[in-house]
Amino acid sequence: MKPASGTRKPYIGTTRSLVLALDVGTTFSGVSYAILEPGEVPKIHGVTRFPGQEHVAGNSKIPSIMYYDANGVMKAAGAEAENASVVAEAEDEGWTKAELFKLRLRPKSMKLKMNGMRLAPLPVGKTAVDVFGDFLSYLFRCTRSFIIDTHANGPALWHAVEHDIQFVLSHPNGWEGAQQSKMRRAAVYGGLIPDTDEGRARIRFVTEGEASLHACVLNGLAADNPSGHGFIVADAGGGTLDISSYAIRGTAPLVIEEIAPPDCVFAGSVFVSRRARAFFEEKLKNSKYGTSDALDHITKRFDETTKRLFRDNKELQFVPFGSPLDKDLSVGIRGGQLKLTGAEVAALFEPSIEAAVSSIKAQIDASGGAVKSVWLVGGFAASPWLFSQLQERLAKYHVTVSRPDTQTSKAVADGAIGFYCDHHVSARISKFMYGVEYLREFDPKDEEHIARKHRLFEMPSGPRLLPDAFDCILARGVRVKESNVFSRKYCTEVTNLSTLSVFEVEIWCYRGGDVVPKWIHRSSEEFSTLCYVRADLSPLAGSAQAKQGKNGKTYWTIVWKQVHARCLPCRTPRTTQYISSTINH
């Protein structure tokens, strides 16, 4: 089987265009892009030069950090923010460092275990969306400069496409519509798009799992999987581990389907670092090296050296952080190095490895045993210890684990462009259950109904009903193609036609499993609002015919169809409400 780039179709648009994939990671970020020329096959490029990295050739990632002054003005970002002179100026001027800001956008249902440590405060006058938008703006400016400087007739090229650039924003598997809305607002705030319907339509979303799948296909890895065999793409990044299961259903053209609901866990490399800092704080609490600044520096050096190289829990490990004169034998410091046992370092990785194995095992079970291999990508995938432990612990499930031999850290950005151009995934598995509230007829013999009797009310036509009943439109674990539509017909009664101008239905998401709940528990974390669907039905008032209900009340009946579909460009269900062309009478 050829790589996707060998089977990619020519661009069918009539004018030159540009698509940018901005991968804002928890710890590192990158950008890929493709210039779309009519009739030509798109080619994926990466932004490989950022400010502060001019001396490093071909580096496609920058740290996801920024500095703000006391007025909330961004002063430095990315690699520049790690420059020694910038760090010194930040300390002198009292600038605020913004890092791990992506984690602030997470859904409330995704609990964040920080080992007692907290996220740093946001800069003055800034929300999490504002900070995310500032970083998107920085990446966009860097991309503009890179394209203008590196392409022939770069200024003319940019001028031709700048007002209609298409954007692909990637996000963890566990993020939903609310997080996508925040990212879209951040893109507006950062000046990537105008705050119009046309501007917002230029933003597409892809999960990091699906983007990583397309990156693996770009590297020809689909050729190693026979048609029908299941495989897992495990994107191990800085913050999340995104697990997605697929199977190849066709090869000409390449067609891939999701075979299990995707998973997302906070088990990325940053949590190894957080556990390391907590461990160092305890280990060095009685040493002169136990100050906050010293701990930050030692943890940073652990990130840059020991964490990346660790591969054997039986060998001594060393964290080089100081000069040959740094010494405190009571805590294992000699010659500027902190000595650790292999078991101590392995323990820092263990919760992340356990979470990865547990998630992958759940995917294997959910696929009915179809999964035969795991592709490990992402920045954390470069860890020899993570890779070897997954190989060892998953062997008993008869699953092989492999890594692409190319740069896995840029998989999401490249894969997001592959997603835009190739769109290999034709079907997905619904991750949660989606539905609406309806009114259930009161049963005086049902104990649950009796317990809710205080909320009982009567419709104009006479029936006594209970609110908060849940009606499922799309169940969890259902295979959904782009063309699939799930619909239900509903009706309601109104006693005042003026309410037709603000007719609204709330769409609910239920995360509690596969069994359809009878009731919506509004205070439970298992339920959340997906969106509201609003319609103006006032034009129908003129054709309405009144009915006489119980006790002489006048009312009108409204019948509508709730349609629930899945969008291929994003995981969030698209819900549309179709109202009957006339009011029933």
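## Before we start

Partly exposed means a relative accessible area between the two cut-offs: under 20% is buried and over 50% is exposed. Keep in mind that this is a predicted model.

Glu304 and Lys300 pair up through their side chains in a salt bridge, at 2.6 Å from N to O. Both sit in helix 9 (residues 292–309), 4 residues apart, which is about one turn of the helix. Glu304 has 32% relative accessibility, so it counts as partly exposed. Lys300 is partly exposed too, at 40%.

## Bridges across the sequence

A search of the whole structure turns up 31 salt bridges. One of them joins the side chains of Arg479 and Glu257, at 2.6 Å from N to O. Arg479 is in strand 22 (residues 479–481) and Glu257 is in strand 12 (residues 254–265), so this pair ties together parts that are 222 residues apart in sequence. Glu257 is buried, at 5% relative accessibility, whereas Arg479 is partly exposed, at 43%.

Some charged residues join up in a group: Glu437, Arg455, Asp468, Glu506 and Arg522 are linked in a network of salt bridges.

## What about the cysteines?

How many disulfides does a search of the whole structure find? The count is 0. For Cys264, the closest cysteine sulfur is in Cys509, 14 Å away, which is too far for a bond. Cys491 is in no disulfide either, with the nearest cysteine sulfur, that of Cys472, 19 Å away. Cys264 is buried, at 10% relative accessibility, while Cys491 is exposed, at 52%.

Technical notes:
Residues are numbered from 1 along each chain as its sequence is written. This is a predicted model: local features need pLDDT of at least 70, side-chain atom pairs count only at pLDDT 80 or more; totals for chains, interfaces and linings use all residues. Side-chain values use heavy atoms; hydrogens and water are left out. A disulfide is a pair of cysteine sulfur atoms within 2.5 Å. Buried means under 20% relative accessible area, exposed over 50%, partly exposed in between (1.4 Å probe, protein chains only). A salt bridge is a side-chain nitrogen of Lys or Arg within 4 Å of a carboxyl oxygen of Asp or Glu. Helices (H or I, at least four residues) and strands (E, at least two) are DSSP runs, numbered from the N terminus.
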